Amino acid sequence: MASRTFAIIKPDAVERSLTGRIISWIESEKLKVVALRRMHMTKAEAEGFYIEHKERPFFESLTGYMSSGPCCVAVLEGENAQERWRDIMGATNPNDANEGTIRKELAVGLEKNSVHGSDSEDSAKREISYFFSELEIV
Ligand code: ADP
Ligand code: MG
């Protein structure tokens, strides 16, 4: 059954004009982009999004980076979308990511790792509704 997940093309990728390439990559993997918006997150919006990492030592740097420039937020739909999008992205640290994954091919480093994907079905629901209303998902 088709399901949804949440994705971000992060500021490092948008800045390097990789938006189109990443969207093509998603579509070539048979995931549909059912919502898409370019935005520039405030620090507070980034903190709310990454609230689960509030106690982590990298929280300040991460939320500073995520609010440092425009990103693209998206909802992806397809068979097993949440797990598949994580597989297509690759491991958090691009040095550990498999060949042929987005992070292996495009990421700058551990923080500037180009893309975000929800880590569970529950996170996907929370993250989608943090950025999109149901009416914007088509
Ligand atoms: P993922 O994005 O793969 O789900 P996490 O949820 O663990 O990874 O972390 C969220 C984001 O925080 C990562 O994508 C990365 O940008 C950044 N990050 C994670 N771990 C570190 C770290 N040790 N140092 C700096 N940034 C990190
Ligand atoms: Mg995560």
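By the rule that a salt bridge is a side-chain nitrogen of Lys or Arg within 4 Å of a carboxyl oxygen of Asp or Glu, the count in this predicted model comes to 6 salt bridges. One of them joins the side chains of Arg4 and Glu134, with 3.1 Å from N to O. Arg4 lies in strand β1 (residues 2-9) and Glu134 in the segment after α7 (121-131), so this pair ties together parts that are 130 residues apart in sequence. Helices (H or I, at least four residues) and strands (E, at least two) are here DSSP runs, numbered from the N terminus.

The model is a predicted one, in which local features need pLDDT of at least 70 and side-chain atom pairs count only at pLDDT 80 or more, while totals for chains, interfaces and linings use all residues. Residues are numbered from 1 along each chain as its sequence is written, chains are lettered from A and ligands numbered from 1 in the order in which they are written, and side-chain values use heavy atoms, with hydrogens and water left out.

How open are the two partners to their surroundings? With buried meaning under 20% relative accessible area, exposed over 50% and partly exposed in between (1.4 Å probe, protein chains only), Arg4 is partly exposed at 28%, whereas Glu134 is exposed at 56%. The pair also belongs to a network of salt bridges that links Arg4, Glu77 and Glu134.

Two further salt bridges can be followed in the model. Asp12 pairs with Arg16, their closest N and O atoms being 2.6 Å apart; Asp12 is buried, with a relative accessibility of 4%, while Arg16 is partly exposed at 36%. Glu47 pairs with Lys43 at 2.7 Å between the closest N and O atoms, and these two residues, 4 residues apart in helix α3 (residues 43-49), are separated by about one helical turn. Both ends of this pair are partly exposed, Glu47 at 26% and Lys43 at 28%.

The strands bring Arg4 back into view. Two strands pair if DSSP finds at least two bridges between them, and β1 and β3 do so in the antiparallel sense over 8 bridges, with Glu77 in β3 as the bridge partner of Arg4. Strand β2 (residues 32-39) also runs antiparallel to β3, to which 7 bridges join it; here the partner of Arg38 is Cys72 in β3. Of the 9 residues of β3, 7 are buried, so this strand is largely enclosed by the rest of the structure.

Helix α5 (residues 81-89) has Ala81, Gln82, Trp85, Ile88 and Met89 as its buried residues. Seen down the axis of α5, they fall within an arc of 130 degrees (taken from the directions from the helix axis to the C-beta atoms), so they line one face of the helix. Among the elements that cover them, by contacts between heavy atoms within 4.5 Å, are β1, β3 and α7. Just after α5, Gly90 takes a positive phi of about 95 degrees.

Finally, the aromatic rings: those of Phe, Tyr and Trp (its six-membered ring) pair if their centres lie within 6.5 Å, and planes under 30 degrees apart count as stacked, over 60 as edge-to-face and the rest as tilted. The structure holds 6 such aromatic pairs, and ring pairs link Phe6, Phe49, Tyr50, Tyr130 and Phe131 into a cluster.
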